[in-house]
Amino acid sequence: MKDETKCLHSGYSPNNGGPGVMPIYQSTTFRFNSTQEIAAVFDDPTKAHIYSRFTNPTVDCVEKKIADLENGVAAMCTTSGQAASLISILNLASSGDRILSTSAIYGGTVNLFAVTLKKFGITVDFIDVDSSEDEIQSAIKPNTKAIFGETLSNPSLQVLDIEKFSKIAHKNNIPLIIDNTFPTPILCKPINFGADIVIHSTTKYMDGHALQVGGVIVDSGKFDFTKGNFPDFTQPDESYHGTIYTKDYPACPYIIKARAQLMRDFGCYPSGMSGFLLNIGLETLALRMERYCENGLKLAEFLNKHPKIKSINYPGLKTDKYYTLAQKYLPKGTSGVMSITLDGNREDTIKFMDKLKLASKEVHVADIRTCVLHPASATHRQLTDEQLVACGINPSMVRVSAGLENIDDIIQDFEQALL
Ligand SMILES: *Cc1c(COP(=O)(O)O)cnc(C)c1O
């Protein structure tokens, strides 16, 4: 099936006479006829649903749909993108280990990596997104357990050369984790370029309607944990009656371990209702992405020519530094998100923001409605000036997210605010 069809039909197919729309299983628990049957499900948690702290039939359908869209073998939803990032790392690294990440990543992830994970004894080394193969290689230490990067970085819109990073990761027998939030699988499928694990904040384009916060982790099923230094995958898990993930679940040990061990312990799992709402967003994802890209490019072209705009980052523009990489990884378009830097100081920038009428000022991006955010005073407020520069952020930078309104109305709004 092609993406448009997967968006509508993957994950759930009604039985004869069954409901045409994916039903909401809003139930904490699931009943069995005998103690023996419950024991069997504990032996193999892939057999049935046990408890909605880590598995639920509605969410399961959504997970199958997202895995299918990403060309992965399995997926697990989480209650936020942050929870997806956290679990994707903790499933590989523990105290004493390191992670290598590009610095062109979401501010919340920088905070999680640089401050919070450090308190858990996990060190994250940051490198420039444009690093050469040699630079990436020399940043990898014997205890580095994964490489992490964003396909299209939030909010600096830098494009990651996924193949380059996956080549070095695999040479060192460590997996590559890609945060594919902005492109969604409609614009880029990182697994096709060598990513081993793909994560998303589903809060953005996937949900699409700003209804709820959520995340997902997708397992490509391709990484061979027996080759690297991953004893938690290859030795019996004492907390799960001796399961050896690579041996007992060779098709997708990563996601089974994330669910059986970490989701069981952390419990940041979405409800049936959340799964249902996310699915409604996914049904129109392919269609919506086309229009976001179209509106995004038109708005970017308008802003690129405007005398009051000093610079713009939108890899869909031929003049953008990442245009060539975007043509390779995001040939269908580079989403509706761009960042602009005004010809002015912090105050001028805030004045411009406040003059916008249609575009809403909100802590959101990749929403169905056009919205703007000033990263320096909001999402990246916790970062030092040095960290801001490393993430590609200037105090006069505004993140713009073109929505699905008529493009003439969007452009008119920016035109009057820039007067
Ligand atoms: C928003 C975002 C996150 C965090 O997701 P939440 O759903 O807000 O927790 C992670 N990565 C990227 C690229 C994001 O845009």
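This is a predicted model: local features need pLDDT of at least 70, side-chain atom pairs count only at pLDDT 80 or more; totals for chains, interfaces and linings use all residues.
Most residues other than glycine have a negative phi, and most peptide bonds are trans. The peptide bond between Asn154 and Pro155 is cis, with an omega of about 5°. Pro155 belongs to the loop that runs between strand E4 (144–150) and helix H7 (162–171). Thr184, although not a glycine, has a positive phi of about 60°. This threonine is part of helix H8, which covers residues 184–187. A positive phi also occurs at Ser335, a residue other than glycine, where the value is near 75°. Ser335 is placed in the loop between helix H14 (323–329) and strand E9 (337–342). Thr184 has a relative accessible area of 0% and therefore counts as buried, the limit being under 20%. Ser335 is likewise buried, with a relative accessible area of 0%.

Two packed helices are described by the angle between their axes and the distance between the axes. For helix H3 (residues 57–69) and helix H12 (residues 272–283), the axes come within 8 Å and cross at roughly 30°. The crossing of H3 and H12 is left-handed. On the H3 side, the contact is made by Thr58, Val59, Val62, Lys65 and Ile66. These residues meet Gly272, Gly275, Phe276, Leu278, Asn279, Leu282 and Glu283 of H12. Sorted by class, the contact of H3 with H12 comprises six nonpolar, four polar and two charged residues.

Asn91 lies in the loop between helix H4 (81–90) and strand E2 (98–102). Its relative accessibility is 1%, so Asn91 counts as buried. Along the chain, Asn91 and Ile255 are 164 residues apart, yet their C-alpha atoms are separated by 8.8 Å. When residues up to four places away in sequence are not counted, Asn91 touches Phe233, Tyr254, Lys257, Ala258, Gln261 and Leu262. Two of these neighbours take part in polar contacts with the asparagine side chain through their backbone atoms. The side chain of Asn91 reaches the backbone oxygen of Tyr254 at 2.8 Å.

Side chains of opposite charge can pair when their charged atoms come close. The structure contains 13 salt bridges. In one of them, Asp68 pairs with Lys6, and the closest N and O atoms are 3.9 Å apart. Asp68 lies in helix H3 and Lys6 in helix H1 (residues 3–9), so this pair ties together parts that are 62 residues apart in sequence. Asp68 is partly exposed, at 28% relative accessibility, whereas Lys6 is buried, at 8%. A further salt bridge joins the side chains of Arg98 and Asp125, with an N to O distance of 2.8 Å. Arg98 is in strand E2 and Asp125 in strand E3 (residues 123–127); the two residues are 27 residues apart, and the pair links distant parts of the chain. Both Arg98 and Asp125 are buried.

The side chains of Lys247 and Asp248 also meet in a salt bridge, at 3.9 Å from N to O. Lys247 is exposed, at 61% relative accessibility, and Asp248 is partly exposed, at 37%. Finally, Arg291, Glu294 and Lys298 are linked in a network of salt bridges.

Methods
Residues are numbered from 1 along each chain as its sequence is written. Side-chain values use heavy atoms; hydrogens and water are left out. Helices (H or I, at least four residues) and strands (E, at least two) are DSSP runs, numbered from the N terminus. Buried means under 20% relative accessible area, exposed over 50%, partly exposed in between (1.4 Å probe, protein chains only). Axes are lines fitted to C-alpha atoms, for helices over the stretch in contact, and angles run from 0 to 180 degrees between N-to-C directions. A crossing is left-handed if the near helix is turned anticlockwise from the far one by less than a right angle, and right-handed if clockwise. Contact means heavy atoms within 4.5 Å. Ala, Val, Leu, Ile, Met, Phe, Trp, Tyr, Cys and Pro count as nonpolar, Asp, Glu, Lys and Arg as charged, and the others, Gly among them, as polar. A polar contact is a pair of N or O atoms within 3.5 Å; within protein, one must be able to donate a hydrogen and the other to accept it, and residues adjacent in sequence count only if both atoms are side-chain atoms. A salt bridge is a side-chain nitrogen of Lys or Arg within 4 Å of a carboxyl oxygen of Asp or Glu.
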